[in-house]
Amino acid sequence: MSLTTADNQGSTPIHWAVFQQSEIAVLYLLAWAPPSLLTAVDKDGQMALHIAVRKAESTRVVRLLLSRGSPTDIVNLAG
(Lines give C-alpha, C1' and ligand atoms only; values in the text may rest on other atoms or scores of the structure.)
Protein backbone atom coordinates (compact mmCIF):
# COMPACT_ATOMS: atom_id res chain seq x y z
CA MET A 1 0.00 0.00 0.00
CA SER A 2 1.28 3.44 -0.90
CA LEU A 3 0.49 6.87 0.49
CA THR A 4 -1.81 7.51 -2.46
CA THR A 5 -3.71 4.21 -2.42
CA ALA A 6 -7.46 4.69 -2.02
CA ASP A 7 -9.81 2.36 -0.18
CA ASN A 8 -13.20 1.17 -1.45
CA GLN A 9 -14.69 4.57 -0.57
CA GLY A 10 -12.02 6.38 -2.56
CA SER A 11 -10.39 7.72 0.61
CA THR A 12 -6.61 7.99 0.75
CA PRO A 13 -4.51 8.02 3.92
CA ILE A 14 -4.66 11.83 4.01
CA HIS A 15 -8.47 11.72 3.95
CA TRP A 16 -8.38 9.47 7.03
CA ALA A 17 -5.70 11.50 8.81
CA VAL A 18 -7.73 14.67 8.27
CA PHE A 19 -10.93 12.93 9.35
CA GLN A 20 -9.19 11.98 12.62
CA GLN A 21 -7.78 15.53 12.94
CA SER A 22 -4.31 14.01 13.38
CA GLU A 23 -1.89 16.84 12.73
CA ILE A 24 1.15 14.54 13.04
CA ALA A 25 -0.21 12.12 10.43
CA VAL A 26 -1.17 14.98 8.11
CA LEU A 27 2.32 16.49 8.41
CA TYR A 28 3.93 13.11 7.70
CA LEU A 29 1.76 12.52 4.63
CA LEU A 30 2.35 16.02 3.30
CA ALA A 31 6.10 15.53 3.73
CA TRP A 32 6.28 12.20 1.90
CA ALA A 33 3.37 12.03 -0.50
CA PRO A 34 3.26 13.62 -3.94
CA PRO A 35 1.44 16.96 -4.37
CA SER A 36 -1.35 15.13 -6.22
CA LEU A 37 -2.47 13.80 -2.83
CA LEU A 38 -3.96 17.23 -2.10
CA THR A 39 -6.33 16.93 -5.06
CA ALA A 40 -7.32 13.30 -4.53
CA VAL A 41 -11.09 12.98 -4.15
CA ASP A 42 -13.17 10.27 -2.51
CA LYS A 43 -16.43 8.81 -3.83
CA ASP A 44 -18.27 11.96 -2.72
CA GLY A 45 -15.85 14.20 -4.59
CA GLN A 46 -14.28 15.43 -1.37
CA MET A 47 -10.66 16.37 -1.05
CA ALA A 48 -8.92 16.32 2.30
CA LEU A 49 -9.55 20.07 2.57
CA HIS A 50 -13.32 19.56 2.32
CA ILE A 51 -13.16 17.09 5.20
CA ALA A 52 -10.86 19.33 7.24
CA VAL A 53 -13.22 22.28 6.97
CA ARG A 54 -16.25 20.17 7.85
CA LYS A 55 -14.54 18.43 10.81
CA ALA A 56 -12.60 21.45 12.05
CA GLU A 57 -12.32 21.39 15.80
CA SER A 58 -9.47 23.82 15.19
CA THR A 59 -8.14 25.42 12.05
CA ARG A 60 -4.67 23.89 12.31
CA VAL A 61 -5.24 21.01 9.87
CA VAL A 62 -7.02 23.36 7.44
CA ARG A 63 -4.07 25.75 7.59
CA LEU A 64 -1.59 22.90 7.04
CA LEU A 65 -3.38 21.81 3.87
CA LEU A 66 -3.67 25.37 2.58
CA SER A 67 -0.01 26.11 3.31
CA ARG A 68 0.98 23.11 1.19
CA GLY A 69 -1.10 24.34 -1.76
CA SER A 70 -4.42 22.55 -1.43
CA PRO A 71 -6.72 24.01 -4.08
CA THR A 72 -9.71 25.98 -2.86
CA ASP A 73 -11.75 25.98 -6.06
CA ILE A 74 -12.70 22.31 -6.37
CA VAL A 75 -16.36 21.60 -5.64
CA ASN A 76 -17.47 18.30 -4.11
CA LEU A 77 -20.50 16.36 -5.33
CA ALA A 78 -22.72 18.17 -2.80
CA GLY A 79 -21.79 21.49 -4.40
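Mentor: Let us begin with a charge and a ring. A charge sits over a ring if NZ of Lys or CZ of Arg is within 6 Å of the ring centre and within 35 degrees of the ring normal. Here Lys55 lies over the face of Phe19, at 4.4 Å from the ring centre.

Trainee: What should I know about the origin and numbering of the model?

Mentor: The model is predicted, so local features need pLDDT of at least 70 and side-chain atom pairs count only at pLDDT 80 or more, while totals for chains, interfaces and linings use all residues. Residues are numbered from 1 along each chain as its sequence is written, and side-chain values use heavy atoms, with hydrogens and water left out.

Trainee: What pLDDT does the protein chain average?

Mentor: pLDDT is the predictor's confidence in each residue, from 0 to 100. The protein chain has an average of 91, and 99% of the residues score at least 70. Helices are DSSP runs of H or I with at least four residues, numbered from the N terminus. In the protein chain, confidence is highest in helix 1, at 95, and lowest in helix 3 (residues 48-55), at a mean of 93.

Trainee: How many aromatic pairs does a search of the whole structure find?

Mentor: Rings of Phe, Tyr and Trp (its six-membered ring) pair if their centres lie within 6.5 Å; planes under 30 degrees apart count as stacked, over 60 as edge-to-face and the rest as tilted. The search finds two such pairs. The rings of Trp16 and Phe19 have centres 5.9 Å apart and planes at 80°, so this pair is edge-to-face. Both residues lie in helix 1 (residues 13-19), three residues apart, about one turn of the helix. The pair formed by Tyr28 and Trp32 is tilted, with 6.5 Å from centre to centre and 40° between the planes. Tyr28 and Trp32 are separated by about one helical turn, because they are four residues apart in helix 2.

Trainee: How many salt bridges does the count come to?

Mentor: A salt bridge is a side-chain nitrogen of Lys or Arg within 4 Å of a carboxyl oxygen of Asp or Glu. By this rule the count comes to two. Glu23 forms a salt bridge with Arg60, their closest N and O atoms being 2.8 Å apart. This pair links distant parts of the chain, with Glu23 in helix 2 (residues 23-32) and Arg60 in helix 4 (residues 60-67), 37 residues apart. Glu23 is partly exposed, with a relative accessible area of 26%, and Arg60 is partly exposed at 47%. Lys43 forms a salt bridge with Asp44, where the closest N and O atoms are 3.5 Å apart. Asp44 is partly exposed at 36%.

Trainee: Which side chain of opposite charge is nearest to Asp42?

Mentor: For such a question, Lys and Arg count as positive and Asp and Glu as negative; His and the chain ends are not counted. Asp42 is in the loop between helix 2 and helix 3. Asp42 is buried yet has no salt bridge, and the nearest side chain of opposite charge, Arg54, is 6.6 Å away. The side chain of Asp42 does reach the backbone nitrogen of Asp44, at 2.9 Å.

Trainee: Where are Gln21 and Gln20 found?

Mentor: Gln21 is found in the loop between helix 1 and helix 2. Its phi is near 55°, a positive value in a residue other than glycine. Gln21 counts as buried, at 16% relative accessibility. Gln20 is placed in the loop between helix 1 and helix 2, and at 55% relative accessibility Gln20 counts as exposed. Gln20 and Ala52 are 32 residues apart in sequence and 9.3 Å apart in space, C-alpha to C-alpha.

Key: Helices (H or I, at least four residues) and strands (E, at least two) are DSSP runs, numbered from the N terminus. Buried means under 20% relative accessible area, exposed over 50%, partly exposed in between (1.4 Å probe, protein chains only). A polar contact is a pair of N or O atoms within 3.5 Å; within protein, one must be able to donate a hydrogen and the other to accept it, and residues adjacent in sequence count only if both atoms are side-chain atoms.
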